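This report describes one protein model, part by part. Please look at the sequence and the structure before reading on.

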Amino acid sequence: EAIASKAGVATATVYNLVGTRDDLLDALIRKVVDDLAAVAAATTRYADPIAVAHLIVEQSVAAFTRDSSTFRQIVAAGRSTQRPANVNRVDPSQLQVAALRQARELGVLRDDVDPASLGRQVFISWIGAMNHWADGDLDDRGFAVAARHGLLVVLAASAADGHRDRFLDELRRAGAQL
């Protein structure tokens, strides 16, 4: 009904054009996946892997908060609905892995850390923030801060000695905003 209202058409028109409620859910999830694909493309413009890691978090949060009321419902419905076939075209954790691997190669992160594990942890933290947002425990800004906080925890814990204080300072500032 909200989509039909925003489009200025009857609810039946949305169902006629898109299909069932599940088809609509699939289409909206694919929109988020497409937004994440655009983030992946945008990351190639940055030389700083830490800026890329932040961009991934910021833009993936923005993909959901552009229409909070709709996407909160989608997240809630998606917990109990099978994901659409092509939802895995872009894996956000793999975007982070690439950025974190480059940060390790540049000496920003310690040599003994596994970028794949770190990327998964950033993604798990992001999912936790998203679920709290979907449940109404966090507003849009809180979602962004909590997701960024998860990235900063990983960066601070795995930073090389010359970079740790920077991440700890950022982590303290983000923590104060939670």
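## Confidence

In this predicted model, confidence is lowest in helix 3, with a mean of 75, and highest in helix 8 (residues 140–158), at 96. The score used is pLDDT, the predictor's confidence in each residue, from 0 to 100. Helices (H or I, at least four residues) and strands (E, at least two) are DSSP runs, numbered from the N terminus. The protein averages a pLDDT of 85, and 91% of the residues score at least 70.

Over residues 84–88 pLDDT stays under 50, and the model has nine contacts beyond four places in sequence for them; contact means heavy atoms within 4.5 Å. Where pLDDT is low, the predicted coordinates should not be read in detail.

Residues are numbered from 1 along each chain as its sequence is written, and side-chain values use heavy atoms, with hydrogens and water left out. As the model is predicted, local features need pLDDT of at least 70 and side-chain atom pairs count only at pLDDT 80 or more, while totals for chains, interfaces and linings use all residues.

## Overall fold

The protein has nine helices and zero strands. Its C-alpha trace spans about 60 × 30 × 30 Å along the principal axes. Of the contacts with a separation of 6 or more, 66% are between residues 24 or more positions apart.

Of the 178 residues, 43% are buried. Buried means under 20% relative accessible area, exposed over 50%, and partly exposed in between (1.4 Å probe, protein chains only).

## The largest nonpolar core

A nonpolar core is a set of buried Ala, Val, Leu, Ile, Met, Phe, Trp, Tyr and Cys residues joined through side-chain atoms within 4.5 Å. The largest one has 47 residues, and F64, W126, W133, F143 and L155 touch the most other members. Helix 3, helix 4 (49–65), helix 5, helix 6 (92–105), helix 7 (115–134), helix 8 and helix 9 (161–177) each supply at least two residues of this core. In soluble globular proteins, nonpolar side chains tend to be buried together.

Leaving aside neighbours within four places in sequence, F64 is in contact with V32, F71, V75, W126, M130, W133 and F143. H54 lies in helix 4 and counts as buried because its relative accessibility is 11%. Beyond four places in sequence, H54 is in contact with R148, L151, L152, L155 and E170.

## The second largest pocket

On a 1 Å grid over the protein atoms alone, a cavity is a set of points where a 1.4 Å probe fits but cannot get out; a pocket is an open set with protein on both sides within 12 Å along at least five of seven lines, and lining residues have an atom within 4 Å of a point. Grid points are joined across faces, edges and corners, and a volume is the space filled by probe spheres set on the points. The second largest pocket holds about 420 Å³. Its lining has 16 residues, and E1, I3, R21, L24 and Q73 lie nearest its centre. Helix 5 gives the most to this lining, with five residues. The lining divides into ten nonpolar, four polar and two charged residues. Here Ala, Val, Leu, Ile, Met, Phe, Trp, Tyr, Cys and Pro count as nonpolar, Asp, Glu, Lys and Arg as charged, and the others, Gly among them, as polar.

Is L24 buried or exposed? L24 counts as buried because its relative accessibility is 17%. L24 is in helix 3. E1, in the segment before helix 1, counts as exposed because its relative accessibility is 74%.
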